[in-house]
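Here are a few friendly notes to read alongside the model.

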Amino acid sequence: MIINRLLQKKREKEEERRAEERKMKVWKQRKTLRSSAVFGSKIPFVSEDAIQIKEFIDGGSFGRVHRGSYQGTPVAVKKMPVGEYPSKSLELIIPLYLSHPHIVRMIAVCRKEHEILIASEYIHGANLEQILHTQCLKLNEEDKTFVALEIGMAVEYIHGRNIIHQDIKPANILVSERSKTAYLTDWGLANMKDSLAQFGISASGSFCGPRVAGTPLYMSPEVLLHDKRCTAMSDMWSLGLTYLEMFTGTLPWTLNNPFAVTGVLLKQEPPHALAILQPHLTEIVEPLVKYEPQSRMNATALVTRLKSKVNLVKKYGYEW
Ligand SMILES: Nc1ncnc2c1ncn2[C@@H]1O[C@H](COP(=O)(O)OP(=O)(O)O)[C@@H](O)[C@H]1O
Ligand SMILES: [Mg+2]
């Protein structure tokens, strides 16, 4: 009798264990399905061992960036946790649409159990924030005007493709040490209209991804104060403040803390560094930092204006 009861208990325990195992299996399958639904089946993932990770370069808000290699080619590898930030999947999709000489190219993506690795072309140099505030690379005014033109062209290109960056700032602009070529990077907060249906994201005709996003210091008044969706014109504001910081070498706002920016925006103060900007550069920066988004200069007009300020033949060998 006692033995029977013990055997019965053992069978029950075994059954419980099996049920738990089945539950875990289904949960794991669902989890995989969920992440493949988020990341889409059209992303050409490569195998884990194709990407080698070397030393740590930099770490920002979400990812951690390392130097690495992909099939012998030097790359920068950004590690992103899976699942924690669903909108981050756009960080993989948007670069698939981009092919521009002043946008960092995504080379390969790898999906591991807990993280995604994004391998991009490695830019040997520094980001503009480091350049401006540590002087690790010297840029003269002519170099800076070319940086402005190259990033302006990258922004004209993305806006023409219905993509808004939402986080334009010096830290997201890379400059190569040798050629001083500038590259726009970091699609972590970017947003895109149309064309996403093929990735299983129902966003046709509207934007998806984070609604209000950015780095407060560079965010436009309509986005930071009025909770409006970021538009191409909000990118132009952030670009204007980035140029202002680049040309003056100081932060666009003089504040006790970065959150005080809402106070100055509410008072519609002009960005403080405008007061020390060289007069011949105001026609580049001022039209970008208008409080009314519709009054701001767009990327096409900006590029035309910047082209008239540089000697294209001297840098590129030809004019266009
Ligand atoms: N392709 C690259 N080549 C060289 N450095 C890079 C590259 N991508 C990123 N970095 C470095 O890593 C930093 C953070 O990268 P970013 O993509 O902006 O990630 P986060 O989401 O963390 O801001 C950059 O500011 C830059 O210093
Ligand atoms: Mg960044």
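At what angle do α4 and helix α9 pack, and how far apart are their axes? The points below take this up, bearing in mind that the model is predicted.

1. **The helix pair.** Helix α9 covers residues 299-307, and α4 packs with α9 at an angle of about 155°. The two axes are 9 Å apart. An angle over 145 degrees counts as roughly antiparallel, and α4 and α9 are therefore roughly antiparallel to each other. Their crossing is left-handed.

2. **Who makes the contact.** On the α4 side you will find T145, A148, L149, G152, M153, V155, E156 and H159. Helix α9 contributes A299, T300, L302, V303, L306 and K307.

3. **G160.** This glycine sits in helix α4, which spans residues 141-160. Is G160 buried or exposed? It is exposed, because 11 other C-beta atoms lie within 10 Å, and a residue with 12 or fewer counts as exposed. G160 and T300 are 140 residues apart in sequence, yet their C-alpha atoms are 9.4 Å apart in space. T300 is also one of the α9 residues in the contact with α4.

4. **The three-stranded sheet.** Now have a look at the open sheet with the order β6-β8-β9, in which the pairing is antiparallel. Its edges are β6 (125-127) and β9 (182-184); each has a single partner strand, so one side of each is left without a neighbour in the sheet. On average, neighbouring strands of this sheet are turned by 25° against each other, direction ignored.

5. **β8 with β9, and the helix on the sheet.** Strand β8 takes in residues 173-176 and pairs with β9 in the antiparallel sense over three bridges. Within this pair, L174 stands opposite Y183 in β9. Helix α4 packs on the sheet, where it touches β8 and β9, and its direction makes about 30° with that of β9.

6. **The whole protein.** Stepping back, the protein has 10 helices and 10 strands. Of its 320 residues, 36% count as buried. Taking the contacts between residues at least 6 apart in sequence, 64% join residues at least 24 apart.

Methods. Residues numbered from 1 in each chain as written. Chains lettered and ligands numbered in written order. Predicted model: local features only at pLDDT ≥ 70, side-chain atom pairs only at ≥ 80, totals over all residues. Helix = DSSP H or I, 4+ residues; strand = E, 2+ residues; numbered from the N terminus. Buried ≥ 20, exposed ≤ 12 C-beta atoms within 10 Å, placed from the backbone. Pairing = 2+ DSSP bridges. Axes fitted to C-alpha atoms, helices over the stretch in contact; angles between N-to-C directions. Contact = placed C-beta atoms within 7 Å. Parallel < 35°, antiparallel > 145°, perpendicular 65-115°, else oblique. Left-handed = near helix turned anticlockwise from the far one by under 90°.
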